Amino acid sequence: MNVMMLSRRSILQQFHPHQVMAISSTRSSWMKRSCYSVSSSITSLVSNHHHRQQQQRHHQFFSTNTAHPYRHRIGIGGTSLSQNNNMSQNNDGSSGSSGKFDQKSMTQYASVISTALKYNVTTFESGYHGEEQLAQAFSIAIQNKEEENSVTDEEEEAEVTLTARFGYRNLIEESDIGAMEGDVSVETAADDKGGQAVIVAHNLSREYAKMSISKSPLVQLRQKIISEKQKPDGEHGNLPNVHLLFMAHNPETQGGPSSTSSQQQPDLGTIRRNIKASLRQTFIECEYAVLDNAISSYGVCSNGLSLPANHPLHLSWKDVLEASAEAFKLVHSTTSHEENAGETRKSSNFSTFQLPCNLLELGGLNVANEIQDFLSSAQQQDGDNNDESSSWKQYLPDKINLYMTRPLTYHPDLGLGIIQHPYKFVDYQLPTKTASQMENGGTRNYVWTNETFETSDAFSSALYQASYNNAMNHFDATHLLEKQQSSGEELSVEERETLEGCRLLQSMIHDLDVKLPDYNTIGEYEWEVLNSIMPLL
């Protein structure tokens, strides 16, 4: 198993020889200063991967080489890319405006996709509620590629995978739909009657899965591309083959009480049965969607896959596979789709597990190895009636893709949301001049942290100390103290309040400086500044 982490210093580790893909979404504020920083990061992170594929034909629309024996793959996450870059952000990282995704942000998103495709990155994740943005940006990117490049009939068509997740519902945004059967409460807020109203729910019912797929802009995009490709040769511009992967997001959430129930958290056995039953229902609908050619395959994206088995939010990968096998058996034993199409499929269309993995969270790798071992043994022991799983593992596919999410973000709480400031393994930019140095003229240049790797500590310390001194000097109120000392006159009420305010701010900045060794991440420090210092300023 090979994992390529998305960083400017590419990291490669070998485990089982299995196909693994890392998907990253750049969420750091310093990485969102410009689209260029994102695009340049993509260019850098794939450079080593690109050089290993010397046989790539550079004039192709997209490179389609997959001959590398270890199947190195990289994907681009879309959570931050699908946000409006020109909108303000709240302290928790959410959008500060409900405005629509503007044209500038769309152009930047398309530019990132174009850069990624240029370097053989062909998997793109839409992110939460970002399907429409990905569909539009991808359309722009492939249209630009068609205009920029001339292709020949002999060239192979590119294989591109787009992914979407479903499960979470915002009942405020979907007020026209209202409550649905299968809703599990995730977040509540006080209502007008003094009670609690569900504002975010989780749902994996067949009804919700069908609605999510039928309304997806990515499904519509794929159908449009399929229609275009059916035109005579040369008229479709060698469009890529788009594989659409729909994934049930955090199915472990289904183990909790429903939004209409007042019962407490059930026991672990009940939780596991609830989750498996929900998965079976949503997979049934996914199997039908594949038969109808709405999607290419389906899978699961879950934080619970890498949690300990005794944790309430643990998700058993074996339960997931069993649910997919049972769904396949139910659908293909009752449908006439295959008879009409003249096809006979013998295994489920479940294709992908997506789970956390990075340099400090290795639980995902252990799970990946377990899945690989299980699939290998299932093929070797086919027909073994003594195996308790023999009744359903015959319906499993020969291989399953493993997507590694958040390869650049380490959550000490294993992604449970207890600790708000994760560690981020990403480059960010430092200014080469302080604000006071800028007053003397010149432009403020930025340097990537990896470019100051050997001297980063000294470089950062010097910049920090200079900025700290500037902030303290700015609030020293020297002119008021000099006025009081030289004239002997008492300060006015307004001047005294200004002096007291300056002393308070100096005290707060000093306290922040004293606590500097206690901050584990830059995000934690920024949160403190934004929530403690900036409101007073």
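Trainee: Why does Phe328 count as buried?

Mentor: Phe328 counts as buried because its relative accessibility is 3%, where buried means under 20% relative accessible area, exposed means over 50% and partly exposed lies in between, with a 1.4 Å probe and protein chains only. Bear in mind that this is a predicted model, in which local features need pLDDT of at least 70 and side-chain atom pairs count only at pLDDT 80 or more, while totals for chains, interfaces and linings use all residues. Residues are numbered from 1 along each chain as its sequence is written, and side-chain values use heavy atoms, with hydrogens and water left out.

Trainee: OK, and which ring does Phe328 pair with, and is that pair stacked or tilted?

Mentor: Phe328 pairs with Tyr395, and because the ring centres are 5.9 Å apart with the planes at 45°, the pair is tilted. Rings of Phe, Tyr and Trp (for Trp, the six-membered ring) pair if their centres lie within 6.5 Å, and planes under 30 degrees apart count as stacked, over 60 as edge-to-face and the rest as tilted. The two residues come from distant parts of the chain, 67 residues apart, with Phe328 in helix 8 (residues 317–332) and Tyr395 in the loop between helix 11 (390–393) and strand 13 (401–405). Tyr395 also counts as buried, because its relative accessibility is 18%. Helices (H or I, at least four residues) and strands (E, at least two) are DSSP runs, numbered from the N terminus.

Trainee: What about the rings of Phe374 and Trp392?

Mentor: Their centres are also 5.9 Å apart, but their planes lie at 25°, so this pair is stacked. It links Phe374 in helix 10 (residues 363–380) to Trp392 in helix 11, 18 residues apart, and both residues are buried.

Trainee: How many aromatic pairs does the structure hold, and which residues form one aromatic cluster?

Mentor: There are eleven aromatic pairs, and Phe283, Tyr298, Phe350 and Phe353 form one aromatic cluster.

Trainee: Back to helix 8, then: how many of its residues are buried?

Mentor: Twelve of the 16 residues of helix 8 are buried, so the helix is largely enclosed by the rest of the structure; among them are Trp317, Asp319, Glu322 and His332. From its first C-alpha to its last, helix 8 reaches 23 Å, close to the 22 Å expected at 1.5 Å a residue, the expected span being 1.5 Å times one less than the number of residues.

Trainee: And helix 16, which residues are buried there?

Mentor: In helix 16 (residues 522–533), the buried residues are Glu528, Val529 and Ile533. Seen down the helix axis, they fall within an arc of 100°, so they line one face of helix 16; the arc is that of the directions from the helix axis to the C-beta atoms. What covers these residues includes helix 15 (493–514), contact meaning heavy atoms within 4.5 Å.

Trainee: Switching to strands, how many residues of strand 6 are buried, and in which sense does it pair with strand 10?

Mentor: Seven of the eight residues of strand 6 (residues 159–166) are buried, and this strand pairs with strand 10 (residues 241–249) in the parallel sense over eight bridges, with Arg165 standing opposite Met247. Two strands pair if DSSP finds at least two bridges between them. Strand 6 also pairs in the parallel sense with strand 5 (residues 123–125), over three bridges, and there Phe124 stands opposite Leu162.
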